[in-house]
Amino acid sequence: MIIKQMHLDRFGRFQDYSLTLGQGLQVIHGANEEGKSTLMAFLQMMFYGSSGRGRDVAGNLRKKYRPWDGSPMKGHLIFEADGTTYRLERVFGQSNVTDQVSLFNETTGERIRVKARKEPGVEYLGLGEDAFARSVFISQGASLIRDGAKQEELTQRLLNLVTTGSEEVSYQSALDSMNQARERLVSKNQKNGLLVLARQEVEHLEERRRAAQAEELEKLAAQEELEREQNCRRELIERKAVLDREQKKNEGILRTHQLATAIDRETRHLELTRQMNALEARLTYSGGRMDRSYLSAADEMLRRIHQNEAKTQSLEENLSARETELEALDSDRTSPLEEPLEELKANEVRQSELEEQLQVTRRQLQELRLYRTAIQKAEMLSGQCEETSAEVREAEVELTQLEEQYKVVRVELEEAKQAKEQQRQTQWQKEQEIRQLEEAMARSRLQVGQWQADLSHNAGQISKETPSGSYSNRSRALPALTLSGLAVLLALILGSQVHPGFYGVLILALLFAAWGYRGLPGAADSRGEAGPDEANQLRAMLLNQIDQLEKEQAGSLVQHTALTREVGELTQGYNRSIQRLAEMEARYGATETQLDEVRRRVLGLTSRLSALTREHEELQRELEQFTVKGTKLDELNLLEELDQMQQTGQCLEKRHAELLDLLEARDLTDAIQKVLTSQMSLQRVQQLGREISKLRQELEQLAAQRTEHINDLLTHLQPYRTVKTLEETTGLMQDLTEDLERCQQLSIQREAVEQNRQELEKNHTLEELKLLWSESSADERDAALPDPDDLRDLEHQAEMLTGQIHALDRTLAAREAELREKYRSRENLSQVEERLDQARMSVKGKQEQYEILTLAQTKLTEAFEELQQSFGPLLNDRTGAILRRLTRDKYQNVRVSRSFDIMVEDGNQRQLFEWGYLSGGTVDQAYLALRLAITDLISSPAQPLPLFLDDIFTQYDDARAREGLNFLKEHTCARPVPLQTVLFTCHGRIRDWASLMPEVTVLDLT
């Protein structure tokens, strides 16, 4: 498979960017922040998307590389697989589900359907996302072992990689999980666990079933007692039924008497209704009914006739008086004051109009000033909005800076905590080493003292030895063998805990063992007797060993002093870390407090800006409602117009005073009075003529109205009785009044009867009442009304029985409630048996689960051993070959022992070194060799997968980096089908070396 082209429409910092690739080794150089890691991330996300959902940008690639302008993140790849060229397009959404993925045949344009549509890498690369990221896709830092990494974690990850082919798959973790699962079912001491608890639950439920059987018997006895009380209740109900029948008989007698009374009342009601209907028929006519309003209308017509007669008489008297006055008046005189009076009136009208104009102008001026004040206030509010908006922007910038500072301080605080914890762990390890060294020194001093005592004892024995030496040899055998055993023990302790050089004491132990063996009887016979010279030599050798052990003890003392001093320095560093952590926490708290203050300030400024904006909008709406609008010039024009009107008003007032002086009057009314006085005679004559003519017309109208009113009255009374003259109407109206009063009395009587009517009359007709009365028995009609006292006694007895029944009902309810409450929280026998069956099924299921886990643990162990025998050696061989090439045969192989110890073989010394003794660069080389070996094993030789590397030589020196680059070229090209290897780097040295190599393509991102 070959990636031919990567095109990034919008992804991270790239916009419409294309990168063309080919076969062989290609080195892509770019400085930091130029997008090397972005291109790697784009390649991975095109094939597998990204499932990151965290808020942290570092862990969520979709957030990290999304364009800041909000445009969609998308791009496409052109790659060749199995001889076909494909075009893979992807538009990134919020998650893999919302991504739009399309695959086309680049040659034909045909759309290809992908089984795993969101992860096409699974189908065309043959790898899942995790396998892809851990094999052919080595991102920045993935091949580095950092100084702060824990030794145990590194060993475990490499162990997983070598033995299982995956860093995350751990046989031991799976085995431990199964052990934990088994122990959750049955603990090691066989006393705890889910299976043990389930068995205990079965035993408990069996005891509960026996208790439930006893409770069932108690419940049956209680139910029999409850049935006896229910029988007593039925007897009371029967007695109550007898009393109810007696009460029903009395109610029948009462109802018969009530029906007779209702028949009498209903007969009276019908008679009154008949009389009233007859009278109503006489008072009703086609136009309606004659009532008080009809009579009032007739009275009103008669009253108008009388008023007409009185008014006619008054008008005739007035007409006679005015005719007499007209004869006494002289001819009219003309008045010379009419013209000034007319001018005075015109002046008054002009002044009134001018005053109205002045008021209108003043209102316009006031409204114009209000408008200009509102305009100024709107401009001021607009300025305040702009200033507040600027303050909000500044505060938001400050808030952004503080948030960034807050994140930096939080990261520094976490780093300080980690450093403090690391220093504490280192100090604890040094203190452990000191304690182990002190124990070893104490044991060494004890051994030296014991050896010196043995030497003194052996020196006395040598001086007493006889030539035969039989007794002396036997006496020295036991101490020598004891001393040799102690020496072996001491050598093992000091060699494992302090220094490997202490293993040399084993030689001394062997010598002592040989010397002691010579003291045994069989040994003496075989070798002969030992002389004093040999004993002296052995004593001298032992003294030398004691001197050597004392020197080593002195060296241990020096080492103890150095470790003590180092622990003191670590303690001081730890205290400084605590102090720095406290300072960082204080700084963190101060930053957080400042961040909260700025957030509150931003919130306050935002609220203030919203308030100012609302006030400005309200003021704009008020400005739109003004009818008078204008500038300062318009205000000056109105003031000038107002001044002119005031001057005109002053001139009119002056002329008004002159006219009043001319007329010798106080005001216009007085002037008019004076003019009228001079014109009185003429006007009075004219007025009397008009009044006389008017009075005559009114008299004629009154005569016509009287005739009309009389005709209306006769027509109005005609439905009741016909009359021809006005005098006859008086008797007719008196008869009508009597009929109306009689009708009212009948209505009152009927209403009284209706108020006394009972439900029987209201709900039944008279015939129905008589039918109901006839249906009653003769005994009920002839029986006398029952005594009220007897009725009350029956009612009282019924109430007593009802009370007894209710009391017994309450007792029964309480007894039933007591039984329900007593057995509410207790399971019945069927429930207990059901739970017992479930518990037994649970025990059976957990027992099967326990047996399955045991079997799975056995099979997993067998499978892991088989995996070690197949995949592990194959991966070890391939890793060793790559490591030899990277290290120029300095390190040959990587070996993982049965006990999971990881070692690297030195090519020169042919010696295996544990992982912890290697430098960081060598560890990084070995780790890269493992990753490349896995890639070779999972790739097909005919269709090799492309290899993408991001700055894998960061921790290499120049020699190792150059050798690593040469190896990548060989690894890529020295095979039947060349690989496609893409190396991203920011180092100029890598670019310069690659540009000098044939068959290597160098590209620059700049």
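The model is predicted, so local features need pLDDT of at least 70, side-chain atom pairs count only at pLDDT 80 or more, and totals for chains, interfaces and linings use all residues. Residues are numbered from 1 along each chain as its sequence is written, and side-chain values use heavy atoms, with hydrogens and water left out.

**The core**
- The largest nonpolar core has 73 residues; such a core is a set of buried Ala, Val, Leu, Ile, Met, Phe, Trp, Tyr and Cys residues joined through side-chain atoms within 4.5 Å.
- Buried means under 20% relative accessible area, exposed means over 50%, and partly exposed lies in between (1.4 Å probe, protein chains only).
- Ile3, Met6, Phe47 and Phe79 have the most contacts inside this core.
- Helix α1 (residues 36-48) gives the most to the core, with 9 residues; helices (H or I, at least four residues) and strands (E, at least two) are DSSP runs, numbered from the N terminus.
- Six is the strand count of an open sheet with the order β2-β1-β4-β5-β6-β7 and antiparallel pairing; two strands pair if DSSP finds at least two bridges between them.
- At the edges stand β2 (14-20) and β7 (111-112), each with a single partner strand, so one side of each lacks a neighbour in the sheet.
- Strands β4 (residues 73-81) and β5 (residues 84-92) are joined by 9 bridges, and Phe79 stands opposite Tyr86 in β5.

**The parallel sheet**
- Another open sheet has 5 strands in the order β8-β14-β15-β3-β16, with parallel pairing.
- Its edges are β8 (137-138) and β16 (1000-1004); each has a single partner strand, so one side of each is left without a neighbour in the sheet.
- Strand β14 (residues 947-950) is joined to β15 (residues 980-985) by 4 bridges, and Phe948 has Val982 in β15 as its bridge partner.

- Arg372 is found in helix α9 (residues 338-463) and is partly exposed, with a relative accessible area of 24%.
- Arg372 and Lys632 are 260 residues apart in sequence, yet 8.1 Å apart in space, C-alpha to C-alpha.
- Leaving aside neighbours within four places in sequence, Arg372 is in contact with Gly630, Thr631, Lys632 and Glu635.
- Leu639 is found in helix α14 (residues 632-663) and is partly exposed, at 33% relative accessible area.

Key:
Contact means heavy atoms within 4.5 Å.
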